[in-house]
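This report goes through the sheets, the ligand shell and a few loop residues of one model. The sequence and coordinates are shown first.

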Amino acid sequence: MPTSPSSTARSAASPSAAAKPQRNGPTAARISLLAVPLLAIALSRRRGPRVFTKAELAQYVDIKHGLKVAICGQVFDVTKGAEFYAKGAGYGFFAGRDASLAFATGNFKTNLTDNVSSLADAQLLDLQNWVNDTYHKKYVHEGVVAGYFYDAKGQPTEAHKDFDERVEKAREAAARQALDVEKYPDCASRRTQTERSVSCKKGRVPIRRRTETGTERCACVLERDEGLGAKYENCTVSEGGRTSCALG
Ligand code: HEM
């Protein structure tokens with residue numbers, strides 16, 4: 001059997017080491033003892049996050065087993081939030097499953113599913129905000145659950161990639177919307193028992209302005225910018241120059 005170059009080099013450099021092998025014993029043992037946990041950590045990192053099946057996740061619905069909630073495929077241990085997620089508590093139906101759709105719609109009876117394909121981009125962003133702002137901040141992340149967002153190997157599904165793109169689009173739209181509101185502030189609104197009205201201070205007029213999500217808001221614009229939206233009818237200007245428009 002050919003000798004490996006490294007072992008030749010070792011014995012040539014240190015002949016005494018070959019003569020007294022027992023001297024290296026404790027050091028080698030220490031190194032190999034250390035290597036075991038390091039190898040385990042390296043392997044677990046390479047393997048990625050723990051992948052739960054839906055059936056496994058469904059076991060974590062009581063304090064004895066621990067409470068887990070999944071959202072957007074991410075599994076969190078929420079045992080410390082038992083006041084919300086224990087059986088019978090206000091949000092107990094979220095335990096042991098990924099009910100992402102219900103997070104967005106608030107329909108806690110029929111939307112207990114991870115399939116969020118019916119949602120609009122802005123709602124997907126709301127969901128991602130739940131993940132980042134509540135769950136990652138407050139609870140321990142434990143892995144992912146195979147389903148709509150991850151496959152059985154814990155890899156993101158095509159649906160997940162589509163979700164990410166749409167969340168990014170929604171984020172950009174929200175940033176544009178914030179700029180729009182800064183430039184053209186919301187109107188003041190007034191509601192009495194008999195009438196509703198919107199108004200803007202002197203120098204500005206109310207218009208119906210389309211938002212990034214396709215809805216409408218009342219924006220106060222400079223008179224020269226009136227064309228940036230539809231005009232209100234039934235508007236009057238007060239002595240102080242305030243323009244108020246009665247709503248039907
Ligand atoms: C789409 C509708 C809703 C969803 C998906 C939802 C979901 C949740 C969840 C998951 C929690 C627990 C968060 C945690 O673990 O820290 C929570 C907490 C809470 N929810 Fe809701 N909720 C909704 C609507 C509402 C409404 C309409 C109200 C009030 C009328 C409300 C009041 C509360 C309160 C007071 C807490 C406790 C907050 C705290 O102590 O930190 N929720 N909600």
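## Sheets, ligand shell and loops

In an open sheet, three strands follow the order 9-8-10 with antiparallel pairing. Strands and helices here are DSSP runs numbered from the N terminus, with at least two residues (E) for a strand and at least four (H or I) for a helix. Two strands pair if DSSP finds at least two bridges between them. Strand 9 (216–222) and strand 10 (230–231) are the edges, each with a single partner strand, so one side of each has no neighbour in the sheet.

The model is predicted, and local features need pLDDT of at least 70, side-chain atom pairs count only at pLDDT 80 or more, and totals for chains, interfaces and linings use all residues. Residues are numbered from 1 along each chain as its sequence is written. The pLDDT is the predictor's confidence in each residue, from 0 to 100. The protein has a mean pLDDT of 88, and 81% of its residues reach 70 or more. Residues 1–22 have pLDDT below 50, and this stretch has three contacts in the model beyond near neighbours in sequence. A contact requires the C-beta atoms of two residues, placed from the backbone, to lie within 7 Å. Where pLDDT is low, the predicted coordinates should not be read in detail.

A second open sheet has five strands in the order 1-5-4-3-2, with mixed pairing. Its edge strands, strand 1 (50–52) and strand 2 (61–62), each pair on one side only. Helix 7 (residues 121–138) packs on this sheet and touches strand 3, strand 4 and strand 5 (140–145). The direction of helix 7 makes about 150 degrees with that of strand 3; axes are lines fitted to C-alpha atoms, for helices over the stretch in contact, and angles run from 0 to 180 degrees between N-to-C directions.

| Strand pair | Bridges |
|---|---|
| Strand 8 (residues 204–210) and strand 10 | two |
| Strand 6 (residues 188–191) and strand 7 (residues 196–200) | four |
| Strand 7 and strand 12 (residues 243–247) | five |
| Strand 3 (residues 66–71) and strand 4 (residues 74–77) | four |

Individual bridge partners include I207 with K231 in strand 10, R190 with S197 in strand 7, C200 with T243 in strand 12 and K68 with D77 in strand 4. Strand 6 connects to strand 7 by a hairpin of four residues.

Around the ligand are G81, F84, Y91, F94, F103, G106, T134 and K138, where a residue is near a molecule if its C-beta atom, placed from the backbone, lies within 6 Å of it. By class, this shell has four nonpolar, three polar and one charged residues. Ala, Val, Leu, Ile, Met, Phe, Trp, Tyr, Cys and Pro count as nonpolar, Asp, Glu, Lys and Arg as charged, and the others, Gly among them, as polar.

Burial counts other C-beta atoms, placed from the backbone, within 10 Å of a residue's own: 20 or more is buried, 12 or fewer exposed, and in between partly exposed.

C72, in the loop between strand 3 and strand 4, has a positive phi near 50 degrees without being a glycine. C72 counts as buried because it has 25 C-beta neighbours inside 10 Å. N234, also not a glycine, has a positive phi of about 55 degrees and sits in the loop between strand 10 and strand 11 (235–237). With 10 other C-beta atoms within 10 Å, N234 is exposed.

N111 belongs to the loop between helix 6 (100–105) and helix 7. Its 17 C-beta neighbours inside 10 Å make N111 partly exposed. Leaving aside neighbours within four places in sequence, N111 contacts A99, L101, A102 and T105.
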